[in-house]
Structures are given as structure tokens and as C-alpha cells.
Amino acid sequence: MKSLKIGNLEIPVPIIQGGMGVGISLSGLASAVANEGGVGVISAAGLGLIHKEKSLDYVKASIEGLKKEIRTAKEKTIGVIGVNIMAALTNFEDMVKTTIAEKADIIFAGAGLPLDLPKYLKPDSITKLVPIVSSAKAARIIAQKWITNYNYVPDAIVVEGPKAGGHLGFKANQIEDNNFSLEEIIPNVVKEIMPLRSKYNKAIPVIAAGGIHTQDDIQRIMELGADGVQLGSRFVTTYECDADDKFKQEYLKADESNIEIIQSPVGMPGRAIKNSFIDKVKEGLKSPKSCPFHCIRTCKVEKSPYCIISALYNAYKGNLKNGYAFAGSYAYKAKQLISVKDLFKELTQKSN
């Protein structure tokens, strides 16, 4: 594998660990990945719950929590640390400003079009900006907006296909449609980005995400034009993953039939591991009492069967009776916990 360059960042191994919230990828996992030469990514989602204090409300706790996670990660590694920030977060601006002020290396922004992301940069900012898209059209719209309004060319593009875990940028009828597969999207995004690479003399690497599980998967998708890959589920079943062991066990005990598409309260389809909580939602036995966090712009409590941030936080803490685990299409293939170091060896070293 060739190294990956994002702006002036030299990434020895072109593997990015996907940002997973709530709490699944924090400073522990991110620093371990960065120490192996990849990009470790902290998820900004739900940090106000994870770092809640009596003296702080959810918004302030989110800011302080993100500061703490970035600083802790930096203490543990000299490698590349990124932060994943969903554009749909109501505190998106706070999370972006905090990430830039703490001089994290990269912001990955998806779950909506982060059309104004560059406006938060200061003259002395070092943070690279990388949108997450699900189509060449979205890549084009974001790039045009950034260049026209802020004279800023994206530092890279993450292209997430429909086999990813968590919230998906696809309609329900597109998820199984081969026309929307990662293998179809990647060449189209590369074609879209090529003129920008030439015009602005900037690499703009394209990073493939969603359903990438093995070394063969990585090689196959790179042959289609990807410069790097992003993996999420593979990192859940590592010792260093920040989630409770009960969360990891959901992956280890799952089989293919347990991985299913659900409708999230935020108005998007998502992929998760089926459990009793999801069954109760389907039966209409769940309903939120209130919305204390107002964490997602598109989530309407009066129509939501449950509070998603609470469900994901419960799962992160190991309380799967009151939550569930998001997971990628091939999460069920994990059979044992391994170290991040051993996972990198499996993904990068040639087999005999």
C-alpha cells in the first residue's frame, strides 16, 4: 500500500478509522490507530452525555468533552488524529470551532452537506477539511460551494457506499441497488475530482468507505481509483475500541441475518444489529418522554419512536436492552477480539 497525503499530512498507511458514535471511537481507539500509521478518528456525536457534569449543560459538556478527547489522543500519539462531525448536529458549529481551535489534524463531515465548513478556519488553522459524500453529485456541489465562497479546495473526499454501518446517505430503495454500490460511485467521484486536481494542483485523494472488510477488499477498491479506505466495523472488535465489552459482543455473536436496515428517528435509514430493543420499536412499544438534548436538526420528538442519542449512549455503555449497535454489512464476520496492531497487520501484510 502506498502512503496517503492529505494536504501536508503524510499518512504512512492509507487506512482511516471511521468515526463511530456515540462513544465507540474516542481517544483510546483513535490514538491506537494513529500509532499504527493510519488516521484515528474521534466521533463528536453525543460527547455531552459521555462527559456530562452537573455544572455543565449538554452543549457545554460536548465542547469540554471534545477538548478532552482531542488532547488525550494527542498525548498518546504523534500520528494523525481526526474528528468526525455530523453536519446534522445542532451543535455542529461548536464542534467544528472546537476541533479547529484544538488543532486536530482533520475534520470529516458528513450526514448532510457541510457547505459552509471552510468559513470556520482562521489564518493560523492547520485542520484539514474532508467532506463525506455518497455520490459524485454531492462531491461536485460541496467542492463548487467551497471554492466559490471560500476559495478552499477540499483536502480529500470520503465516499461512503450503502454497505456502511450507521446512518446511510441513501434512500431505502437504493441500498440494495447495484447502481448505487461503492464500486459504481468511486470511479464517478474520481472522474468528478480529476479536473480540480489539475486546475488547483492539489491531490484531493478519494477515500472509499462502506463494506470494506479485508485486504482483498482494499486492493479491489483501490484498483477502481480510490487512494485510501475508511473502515469502521473492523475496529469495533479491537481491545482498544472505546465501547463497553457488551457492545463488542453484539458483533461477535451476530450472524448475517442479524444485520438489518432500520429507520432512524433522524429521518435516514441506518444499518444495525437486530436486538430486543429494535423489535420493541417495530411493535410500537417505545416512545420518548421528552427531548432533553436537541442533538440532531432533523429529529422531531413528537414523531420519534425513541431518543436516538440515548439509545446509542446506552449501547456504548453496554446497556443493550435500552439501545442497539450500529454496524456495517459485514460486521458479523468478526469472530474474536484482536488488537489494533494485529488488525493493521492483517489488512496490510502480504499473506504467504
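A polar contact is taken here as a pair of N or O atoms within 3.5 Å, one of them able to donate a hydrogen and the other to accept it. In this predicted model, such a contact joins the side chain of Ser27 to the side chain of Glu69, at 2.8 Å. Ser27 belongs to helix H1, which spans residues 27–35, and with a relative accessibility of 8% Ser27 counts as buried, because the cut-off for that class is under 20%. Apart from neighbours within four places in sequence, Ser27 is in contact with Ile42, Glu69, Thr72, Ala73 and Asp242. The C-alpha atom of Ser27 is separated by 26 Å from that of Lys253, a residue 226 places away along the chain.

The contact between Ser27 and Glu69 forms part of a meeting of two helices, in which Ser27, Gly28, Ser31 and Asn35 of H1 meet Glu69, Thr72, Ala73 and Lys76 of H3. The residues of this contact comprise 1 nonpolar, 5 polar and 2 charged. The axes of H1 and H3, the latter covering residues 58–76, come within 9 Å and cross at roughly 35 degrees, and the crossing is right-handed.

In soluble globular proteins, nonpolar side chains tend to be buried together. The largest nonpolar core of the model holds 105 residues, of which Phe235 and Tyr324 touch the most other members. When residues up to four places away in sequence are not counted, Phe235 touches Ile15, Gln17, Met20, Leu29, Val33, Cys241, Val340, Leu343 and Phe344.

Note on methods:
Residues numbered from 1 in each chain as written. Predicted model: local features only at pLDDT ≥ 70, side-chain atom pairs only at ≥ 80, totals over all residues. Heavy atoms only, no water. Core = buried A, V, L, I, M, F, W, Y, C linked by side-chain atoms within 4.5 Å. Buried < 20%, exposed > 50% of the residue type's maximum accessible area, 1.4 Å probe, protein only. Contact = heavy atoms within 4.5 Å. Helix = DSSP H or I, 4+ residues; strand = E, 2+ residues; numbered from the N terminus. Axes fitted to C-alpha atoms, helices over the stretch in contact; angles between N-to-C directions. Left-handed = near helix turned anticlockwise from the far one by under 90°. Nonpolar A, V, L, I, M, F, W, Y, C, P; charged D, E, K, R; others polar.
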